[in-house]
Amino acid sequence: MFFRTAWLVLKKDAAIEAKSWEVLTTTLFFAVSCVLIFSFAFVKEGRAVEDAAAGILWIAIAFSGTLALGRTFERERYGETLRALLLAPAPRAALYVGKLLGMLALLGLAELLLVPLVALLFQATLFARPLLLIALLAGGTIGFCAVGTLFAAMLVRARSRDVLLPILLYPIIIPVIIAGVRGTAALLGATPDEPTAIMWIGVLGAFDVVFVTLSLWTFEPLMTE
Amino acid sequence: MSLRRLLIALTSFVLLAAPAFALQPPKGQSEFVPVNEVPAADQLPAAPLLIVAYAFVWAATLVYVWSIWRRMNKVEDDMRALAQKMPHR
Amino acid sequence: MRKVFGPLAAFTGLMFVASPFVVARAPFESSMGIVSKIFYFHVPSWFAMFTAIAICGAASLIHLFRTSPRADRIAEAAGEIAVVFGLMGLVTGPMWGRKAWGVWWIWDAKLTIALLLEMTFISGVLVRKYGGPGSDKLAAAVGIFGLAVTPFVYEAVNIWRTIHPLTSVVPTLPATMAVPFWYCVTAYMLLLAVLLMLRVNLGKRQAALDELYLAYED
């Protein structure tokens with residue numbers, strides 16, 4: 001029942017998105033613009049600063065993720081379907097998981113585009129250890145989306161919700177970003193520093209477990225209003 | 001949330017965090033940088049810093065207490081204004 | 001307000017007034033001279049902040065799952081006070097660091113995550129102010145998540161060995177330094193209690209005012 005509900009929520013969002021592809025295309029384009037702005041900001045003597053690659057990748061993920069979070073729940077509020085969802089005879093946490101999976105898919109697609117772009121623009125050897133990079137990105141994205149989905153959902157009825165989402169979200173997930181950036185930077189050296197990267201993947205995993213659990217636990221009381 | 005889920009979450013947390021504690025990154029400094037290694041032009045006299053730190057603690061406390069006092073006055077004023085209006089209803 | 005408040009506030013004030021004399025009698029730390037005495041105001045600030053964060057987190061949990069207005073008031077008060085003590089720590093720390101390390105700020109793990117905690121609880125205060133109705137539960141969630149991040153703060157120093165003093169400094173203090181240190185910690189904890197009482201009282205009066213408004217409108 002739980003996973004069926006989550007799957008149904010995911011399918012519903014995917015079906016709505018497939019009509020216009022609005023959120024996907026605008027998020028992707030925003031992510032690319034982010035990277036471009038940063039590359040202009042960090043160019044020195046005509047070449048991009050190399051070490052900036054890891055940071056820029058994760059900043060682009062964070063910023064485009066924040067926008068996408070706001071827009072996904074905006075749809076629910078606009079269509080006034082949020083109350084219908086909450087009234088459905090399904091565990092509330094399953095709604096959260098469905099939304100989370102949708103966000104993960106969206107950010108995953110964005111990262112598919114961002115990683116090669118960053119590797120290209122900054123001559124960053126991101127593909128030296130592809131499995132470790134995927135693990136880092138997965139761990140970081142799950143951590144970001146777990147907290148982000150919860151906060152976006154709970155802010156959907158608040159005033160000043162657009163600016164409150166980053167204000168509330170960023171302090172909580174910046175440790176995830178730090179771990180992601182440090183891990184990615186470890187992989188970008190002349191010889192990829194695998195033990196450090198693996199350590200950071202462990203930190204991200206620990207974060208994910210804590211925050212997904214916490215989010216599942218608090219989603220129900222937060223949406224009961 | 002069931003006890004089982006909590007136990008699973010705790011176990012996964014410990015398993016995932018273990019490498020983080022086991023694999024330490026290269027050691028940085030573990031002592032203070034002695035102040036005489038900082039160039040002389042950079043050194044500040046110490047006593048004013050200490051006094052400012054202590055004064056800041058007092059200032060922060062007093063500003064916060066004053067802010068509470070100010071808000072309390074406003075609440076009391078509103079209550080009085082409201083209490084005056086009430087008997088007339 | 002409880003009757004113990006007056007004497008407690010007076011006693012706390014006295015402790016703080018006396019603290020420079022207590023601290024002055026502690027010996028100088030070997031490598032840094034007089035500026036190391038900031039340690040007696042800096043570390044207790046962080047102890048007080050962490051205590052306030054713990055109180056805020058516990059009260060937030062209670063309010064979120066049992067909707068208790070009393071717990072909400074305590075969470076609101078503790079959150080604000082955590083910001084105040086955090087500010088003290090973030091100002092006294094760089095003053096110490098400027099003298100001891102030569103720089104005002106370093107992006108090492110402990111400072112970074114301490115700054116993040118401060119921002120988390122400032123965001124909690126902001127959401128209560130600007131979030132509109134229902135923001136008490138949102139602030140409770142922020143409080144809980146802020147509490148969840150705190151262990152990572154304390155462990156960060158053990159994972160990333162950087163120029164910030166190791167967390168094991170406190171247990172190994174010699175007695176002549178331990179006495180002033182724990183004196184200052186006690187003073188800060190009493191200050192925390194005094195401020196909490198003040199702020200919760202304000203919250204109670206605000207709640208009473210809201211009820212008056214509702215009764216008035218009926």
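Buried residues account for 46% of the 218 residues in chain C, whereas of the 89 residues of chain B 9% count as buried. These values come from a predicted model, for whose complex the predictor gives an ipTM of 0.82 and a pTM of 0.78.

**Make-up of chains B and C**

- The secondary structure of chain C consists of six helices and zero strands, and read from the N terminus its elements follow the order α-α-α-α-α-α.
- Chain B, for its part, has two helices and zero strands.

**Confidence in chains B and C**

- The average pLDDT of chain C is 82, and 83% of its residues score at least 70.
- Within chain C, confidence is highest in helix α3(C), with a mean of 91, and lowest in helix α5 (residues 135-159), with a mean of 74.
- For chain B the average pLDDT is 72, with 61% of the residues scoring at least 70.
- One stretch of chain B, residues 24-42, has a pLDDT that stays under 50, and for this stretch the model has 24 contacts beyond four places in sequence.

**Helix α6 of chain A and its contact with α5**

- Two packed helices are described by the angle between their axes and the distance between the axes.
- In chain A, helix α5 (residues 92-121) and helix α6 (residues 130-155) have axes that come within 9 Å and cross at roughly 130°, which means that α5(A) is oblique to α6(A).
- The crossing of α5(A) and α6(A) is right-handed.
- On the side of α5(A), the contact involves A:Tyr96, A:Lys99, A:Leu100, A:Met103, A:Leu104, A:Leu107, A:Gly108 and A:Glu111, while on the side of α6(A) it involves A:Leu137, A:Thr141, A:Ile142, A:Cys145, A:Ala146, A:Gly148, A:Thr149, A:Leu150 and A:Ala153.
- Sorted by class, the residues in this contact of α5(A) with α6(A) are eleven nonpolar, four polar and two charged.

**Helix α6 of chain A and its contact with α3**

- The axis of α6(A) also comes within 10 Å of the axis of helix α3 (residues 52-78) of chain A, and the two cross at roughly 30°.
- This crossing of α3(A) and α6(A) is right-handed.
- The residues that α3(A) brings to the contact are A:Trp58, A:Ala62, A:Gly65, A:Leu69, A:Gly70 and A:Phe73, and those of α6(A) are A:Gly140, A:Phe144, A:Gly148, A:Thr149, A:Ala152 and A:Ala153.
- By class, the contact of α3(A) with α6(A) comprises seven nonpolar and five polar residues, with no charged residues.

**Two loop residues with positive phi**

- Most residues other than glycine have a negative phi.
- A:Trp21, however, has a positive phi near 55°, and its place is in the loop between α1 (2-20) and α2 (22-41) of chain A.
- A:Trp21 counts as exposed because it has 10 C-beta neighbours inside 10 Å.
- C:Thr67 likewise has a positive phi, in this case near 45°, and is placed in the loop between α2 (39-66) and α3 (69-100) of chain C.
- Since 14 other C-beta atoms lie within 10 Å, C:Thr67 is partly exposed.

- A:Pro192 is located in the loop between α7 (161-187) and α8 (194-223) of chain A, and it counts as partly exposed because it has 15 C-beta neighbours inside 10 Å.
- Not counting residues up to four places away in sequence, A:Pro192 touches A:Ala128, A:Arg129 and A:Leu187.
- A:Pro192 and A:Thr218 are 26 residues apart along the chain, and their C-alpha atoms are separated by 39 Å.
- C:Val125 belongs to helix α4 (residues 109-130) of chain C, and because it has 16 C-beta neighbours inside 10 Å it counts as partly exposed.
- Leaving aside neighbours within four places in sequence, C:Val125 is in contact with C:Gly79, C:Glu80 and C:Val83.
- From C-alpha to C-alpha, C:Val125 and C:Gly79 are 7.1 Å apart in space, although 46 residues apart in sequence.

Conventions. Residues are numbered from 1 along each chain as its sequence is written. Chains are lettered from A and ligands numbered from 1 in the order in which they are written. This is a predicted model: local features need pLDDT of at least 70, side-chain atom pairs count only at pLDDT 80 or more; totals for chains, interfaces and linings use all residues. Helices (H or I, at least four residues) and strands (E, at least two) are DSSP runs, numbered from the N terminus. A residue is buried if 20 or more other C-beta atoms lie within 10 Å of its own, exposed if 12 or fewer, and partly exposed in between; C-beta atoms are placed from the backbone. Axes are lines fitted to C-alpha atoms, for helices over the stretch in contact, and angles run from 0 to 180 degrees between N-to-C directions. Angles under 35 degrees count as roughly parallel, over 145 as roughly antiparallel, 65 to 115 as roughly perpendicular and the rest as oblique. A crossing is left-handed if the near helix is turned anticlockwise from the far one by less than a right angle, and right-handed if clockwise. Two residues are in contact if their C-beta atoms, placed from the backbone, lie within 7 Å. Ala, Val, Leu, Ile, Met, Phe, Trp, Tyr, Cys and Pro count as nonpolar, Asp, Glu, Lys and Arg as charged, and the others, Gly among them, as polar. pLDDT is the predictor's confidence in each residue, from 0 to 100.
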